[in-house]
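This report covers the overall build of one protein chain and then a few of its residues. The sequence and coordinates come first.

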Amino acid sequence: MRKINSQVMKSYNALSILKLVRQNAPISRTELVQRMGLTSASVINITNEMLQSGLLAESGRTNEGGQGRKSLLLDVRPDAAYVIGVHLSTESIITAVSDLSGALAGVTTRPLEGRSAQSILDQIKSQLEQCLARTGVDRSRILGVGLSLPGPLDIEKGIMINPPNFPGLAGTPIRALLESQLQLPVCCDRETNNAVLAEFESGCAAGYKTAFFISLFRTGVGGGVIANGNILHGFCDSAGEIGHTTVDIAGPRCSCGSYGCLEALVSEQALLGRVRRLQRMNGALQPREADAGPQTLEELFRLSQSGDEVCTHVVNEAASYISIALGNAINLYSPEIIVLGGTLPQLSPQLVELIRRKIHARAYPHQCSRILVVPSSLGDMAFVRGAAAHAWERFLPGLLGADTAGVNAQAPL
């Protein structure tokens, strides 16, 4: 047992060092010692092993050692290994190849064409092959594939449980099926968990210990939490599911079966329907003109921005619902930063600003006015970048001769 624990700790330290090098390259061993709190001997031994295995490379020298002594600078070797990130949403499938430095290449995006299990599996496989062809990366150099998926999701078993917006995937062992078809290891997590991981590692949440990410798509809302530097999965991997929190007890029935969920009140269909109902109430439309008024979110937000009274009211109402749900998240998780991702924040800076104002105006808790509320800095790529980051976390220990499961449980990369 002592030997196993020693191996896991060594791999944990190696992964942490590699992460620091990736984020701060070029960096010296002296700085690694200071940041890691390890002994110089440990850092030297670990980095020497990674230099010999080709994961790290020398990147010049610095005079930081003093008295003419030059310290070796380290960087990752981007082509040492690769992973693939895949994001499945209600709107599209995005795939990308990530090298060891975290850079993405061969990004491919396609609208989702069918929602049956087989159709989605076929689309992912086809798009992944296209992505590899674009980059020219040999499959033998791919460590594995990371999936960003809608919840609910059994992360360890890789099973879609009963996703409200993907009923055809209910009970589907998507990880096992894709591993069989792709002949590559596959890992998965909820899309919002991966997105908050990406923002935490290389986006607007970098440097914060606690962050909340909310995704606001046309037909789906989700959330992910970083708590003290780690993704919070919770019981049954369900932490952060803000889309199915109740914000109006008299609200409409949601696809999940409950009533008044945030997702049911701020979807594209719900917002456009609300505009049309208000226009009819105001006499602007007759019942036979049910298709009049804005037909898309883009039109709704454009009209709101230009001062249309009804559209402005609906956007403000949506911001209120979202801020109510986020207020509950603040009371539960106390994040330092809230990241607004997905389609709605990208389409409407006005909506982002309204949400920010409503959060900062909350009387309780006292820190609300100090919470940073920002749109995602990674945009659509947050989810696929997070899928790749999760894949590195899961499969990189194998290159270090580590027990993958043991390291992954303790050292998210």
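Among contacts in the protein chain between residues at least 6 apart in sequence, 61% join residues at least 24 apart. The model is a predicted one. Its protein chain holds 14 helices and 15 strands. A compact globule of 413 residues would have a radius of gyration near 22 Å, and the 23 Å of the protein chain therefore agrees with that. Along the principal axes, the C-alpha atoms fill a box of roughly 80 × 50 × 40 Å.

Of the 413 residues, 52% count as buried. The accessible surface of the protein chain is about 18,000 Å², and carbon and sulfur atoms account for 49% of this area. The chain carries 36 positive and 36 negative charges, whose mean positions are 4 Å apart.

**Two residues and their contacts**

R218 sits in the loop between β11 (211–216) and β12 (221–227). Its side chain makes a polar contact with the side chain of E298, at 2.5 Å. Leaving aside residues up to four places away in sequence, R218 touches E91, S267, E268, L297, E298, T343, L344 and L347.

V315 belongs to helix α10 (residues 309–333). V315 counts as buried because its relative accessibility is 2%, where the cut-off for buried is under 20%. With residues up to four places away in sequence not counted, V315 touches L300, F301, S304, Q350, L351 and L354. The C-alpha atoms of V315 and S348 are separated by 9.3 Å, and these two residues are 33 apart along the chain.

**Backbone geometry**

Cis peptide bonds join G151 to P152 and Y364 to P365. P152 lies in the loop between β7 (142–149) and β8 (153–154), while P365 is in the loop between α12 (349–360) and β15 (372–375). Positive phi values occur at N228 and at D237, neither of which is a glycine. The angles are listed below.

| Site | Angle |
|---|---|
| G151–P152 | omega about -5° |
| Y364–P365 | omega about -5° |
| N228 | phi about 50° |
| D237 | phi about 60° |

Are N228 and D237 buried or exposed? N228, in the loop between β12 and β13 (230–231), is exposed because its relative accessible area is 61%. D237, in the loop between β13 and α7 (262–266), is buried, with a relative accessible area of 17%.

Notes:
Residues numbered from 1 in each chain as written. Predicted model: local features only at pLDDT ≥ 70, side-chain atom pairs only at ≥ 80, totals over all residues. Heavy atoms only, no water. Helix = DSSP H or I, 4+ residues; strand = E, 2+ residues; numbered from the N terminus. Rg over C-alpha atoms; globule rule 2.2 N^0.38 Å. Buried < 20%, exposed > 50% of the residue type's maximum accessible area, 1.4 Å probe, protein only. Contact = heavy atoms within 4.5 Å. Areas by Shrake-Rupley, 256 points an atom, 1.4 Å probe, with all protein chains shown as cover. Lys, Arg positive; Asp, Glu negative; His and termini not counted. Charge placed at Lys NZ, Arg CZ, Asp CG, Glu CD. Polar contact = N/O pair within 3.5 Å; in protein donor to acceptor, adjacent residues only side chain to side chain.
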